[in-house]
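Student: I would like to learn how to read a structure I have not seen before. Where do we start?

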Amino acid sequence: MSETTFMGVLREKIDWSPRIDFAKCNYCMECVKFCPHNVFEVHESEVQKFTVKNPENCVVFCRACGKTCGLDAIEFPDKNATTKMIKSIRKEMESND
């Protein structure tokens, strides 16, 4: 992903990326195969077969990889809370101008 901002806020300040519940995960890797943004990293020889390596590559508010998971092992932060946080950061940025 080449975007460094989202709605004028630095992407690194926005907490939005998949959270994997490995107790539910069966390592089908559908989420990894689906995501075109290099969010995940595969570790075939390890017990935990993949990780969220590049969380800032995740497109803010995208949940598509989670929809590929039939076991509901992927969650995301609360969208409303994330929206409020983005608005708060933008308001702070405007007051600093």
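Tutor: We start with a term for exposure: a residue is buried under 20% relative accessible area, exposed over 50%, and partly exposed in between. Lys 53, at 45% relative accessibility, therefore counts as partly exposed. Keep in mind that this is a predicted model.

Student: How many helices and strands does the protein chain have, and in what order do the elements run?

Tutor: The protein chain has 3 helices and 6 strands. From the N terminus on, the order is β-β-β-α-β-β-α-β-α.

Student: What box do the C-alpha atoms fill?

Tutor: Taken along the principal axes, the box for the C-alpha atoms of the protein chain is roughly 50 × 25 × 20 Å.

Student: What share of the residues counts as buried, and what is the accessible surface of the chain?

Tutor: Of the 97 residues in the protein chain, 30% count as buried. The accessible surface comes to about 6,400 Å², and 49% of that belongs to carbon and sulfur atoms.

Student: How should I read contacts in relation to the sequence?

Tutor: Look at how far apart in sequence the touching residues are. Among contacts in the protein chain between residues at least 6 apart, 60% join residues at least 24 apart. Lys 91 and Asp 21 are 70 residues apart in sequence, and their C-alpha atoms are 34 Å apart in space. Lys 91 is placed in helix α3, residues 79-96, and counts as exposed at 64% relative accessibility.

Student: How many positive and negative side chains are there?

Tutor: The protein chain has 14 positive and 15 negative side chains, and the centres of the two sets lie 5 Å apart.

Student: What makes a salt bridge, and how many does the structure hold?

Tutor: A side-chain nitrogen of Lys or Arg must lie within 4 Å of a carboxyl oxygen of Asp or Glu. The structure holds 3 salt bridges. One of them joins the side chains of Arg 19 and Asp 15, at 2.6 Å from N to O. Arg 19 is partly exposed, with a relative accessible area of 32%, and Asp 15 is partly exposed at 44%.

Student: Where do Lys 33 and Glu 30 lie?

Tutor: Both Lys 33 and Glu 30 lie in helix α1, residues 30-34, and they are 3 residues apart, about one turn of the helix. Their side chains meet in a salt bridge at 3.3 Å, N to O. Lys 33 counts as exposed at 59% relative accessibility, whereas Glu 30 counts as partly exposed at 36%.

Student: Which parts of the chain does the pair of Lys 53 and Glu 41 tie together?

Tutor: The side chains of Lys 53 and Glu 41 meet in a salt bridge at 3.4 Å, N to O. Lys 53 is in the loop between β5 (50-52) and α2 (64-67), while Glu 41 is in strand β4 (residues 40-42), so the pair ties together parts that are 12 residues apart in sequence. Glu 41 counts as partly exposed, at 28% relative accessibility.

Student: Is Arg 11 buried or exposed?

Tutor: Arg 11 is buried yet has no salt bridge; Glu 56, the nearest side chain of opposite charge, is 6.4 Å away. Arg 11 sits in the loop between β2 (9-10) and β3. A polar atom of the Arg 11 side chain lies 2.5 Å from the backbone oxygen of Trp 16. Leaving aside residues up to four places away in sequence, Arg 11 touches several residues, among them Glu 3, Thr 4, Pro 55 and Cys 58.

Student: How should I read backbone phi angles?

Tutor: Most residues other than glycine have a negative phi. Tyr 27 is not a glycine, but has a positive phi of about 60°. Tyr 27 lies in the loop between β3 (19-20) and α1 and counts as partly exposed at 25% relative accessibility.

Student: What is the phi of Phe 61, and where is Phe 61 found?

Tutor: The phi of Phe 61 is near 75°, a positive value in a residue other than glycine. Phe 61 is found in the loop between β5 and α2. At 23% relative accessibility, Phe 61 counts as partly exposed.

Methods:
Residues are numbered from 1 along each chain as its sequence is written. This is a predicted model: local features need pLDDT of at least 70, side-chain atom pairs count only at pLDDT 80 or more; totals for chains, interfaces and linings use all residues. Side-chain values use heavy atoms; hydrogens and water are left out. Helices (H or I, at least four residues) and strands (E, at least two) are DSSP runs, numbered from the N terminus. Buried means under 20% relative accessible area, exposed over 50%, partly exposed in between (1.4 Å probe, protein chains only). Contact means heavy atoms within 4.5 Å. Accessible areas come from the Shrake-Rupley method with a 1.4 Å probe; for residues, only the protein chains shown count as cover. Lys and Arg count as positive and Asp and Glu as negative; His and the chain ends are not counted. The place of a charge is taken as NZ of Lys, CZ of Arg, CG of Asp or CD of Glu. A polar contact is a pair of N or O atoms within 3.5 Å; within protein, one must be able to donate a hydrogen and the other to accept it, and residues adjacent in sequence count only if both atoms are side-chain atoms.
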